[in-house]
Amino acid sequence: MTTQVLTEAEQAATVEPEHNEYLTRREAASLCRVPLSTFDSLRRQNRFPFPDAHMGKHMLWRASTVTAFLDAGGTRGGD
């Protein structure tokens, strides 16, 4: 059995993002634990919150928006 020790940088990368931090669609999909294709599909079906900001053609979501969506039940809503 081997034991893997994470560096401080790797540990910081595994911590939840700060609530004011902006996430790309790839990061938002990762936080939701779904593949990017599923995330894009949900977004196109208006089953995911609209982006909080745009940077050029890129959509950005606040981490707090994504976590609030997940805390509310995600695509299941309040059911």
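Which residues of α4 are buried? In this predicted model, the buried residues of α4 are Ala63, Thr65, Val66, Thr67 and Phe69. Helix α4 covers residues 63-71, and just after α4 comes Gly73 with a positive phi of about 110°.

The protein chain holds 4 helices and 3 strands, and reading from the N terminus the elements go α-β-α-α-β-β-α. Of the 79 residues in the protein chain, 24% are buried. As for how the chain folds back on itself, take the contacts between residues at least 6 apart in sequence: 48% of these join residues at least 24 apart.

The strands come together in an open sheet of 3, ordered β1-β3-β2, and the pairing is antiparallel. Strand β3 takes in residues 58-62, and its antiparallel pairing with β2 runs over 3 bridges. One of the residues involved is Met55, whose bridge partner in β3 is His58.

Pro51 is worth a look alongside this sheet. Pro51 lies in the loop between α3 and β2. Although Pro51 and Trp61 are 10 residues apart in sequence, their C-alpha atoms are 5.0 Å apart in space. Once the neighbours within four places in sequence are set aside, Pro51 touches Met59, Leu60 and Trp61.

Now for α2, which spans residues 25-32. Its buried residues are Ala28, Ala29, Leu31 and Cys32. These four cover an arc of only 160° around the axis, so they fall on the same side of α2. The face of α2 turned away from the buried side carries Arg26 and Ser30, both exposed. Covering the buried residues of α2 are elements that include β1, α3, β3 and α4.

With α4, the axes come within 10 Å and cross at roughly 30°. Angles under 35 degrees count as roughly parallel, so α2 is roughly parallel to α4. On the α2 side the contact is made by Ala28, Leu31 and Cys32, and on the α4 side by Val66, Thr67 and Leu70. The crossing of α2 past α4 is right-handed. Val66 and Thr67, which take part in this contact, are also among the buried residues of α4.

With α3 (36-44), the axis of α2 comes within 9 Å and the crossing angle is roughly 100°. That value makes α2 roughly perpendicular to α3. Here the contact involves Arg25, Arg26, Ala28 and Ala29 of α2, together with Leu36, Phe39 and Asp40 of α3. Ala28 therefore turns up in the contacts of α2 with both α4 and α3, and Ala28 is one of the buried residues on the one side of α2. Arg26 also takes part in the contact with α3, even though Arg26 is an exposed residue on the face turned away from the buried side.

Finally, the backbone has a couple of spots that stand out. Most residues other than glycine have a negative phi. Arg33 is not a glycine, yet its phi is positive at about 60°. Arg33 follows α2 and is placed in the loop between α2 and α3. With a relative accessibility of 77%, Arg33 counts as exposed. Asn46, likewise not a glycine, has a positive phi of about 55°. Asn46 belongs to the loop between α3 and β2, where Pro51 is also found. The relative accessible area of Asn46 is 55%, so Asn46 is exposed as well.

Definitions and conventions
Residues numbered from 1 in each chain as written. Predicted model: local features only at pLDDT ≥ 70, side-chain atom pairs only at ≥ 80, totals over all residues. Heavy atoms only, no water. Pairing = 2+ DSSP bridges. Helix = DSSP H or I, 4+ residues; strand = E, 2+ residues; numbered from the N terminus. Buried < 20%, exposed > 50% of the residue type's maximum accessible area, 1.4 Å probe, protein only. Arc of directions from axis to C-beta. Contact = heavy atoms within 4.5 Å. Axes fitted to C-alpha atoms, helices over the stretch in contact; angles between N-to-C directions. Parallel < 35°, antiparallel > 145°, perpendicular 65-115°, else oblique. Left-handed = near helix turned anticlockwise from the far one by under 90°.
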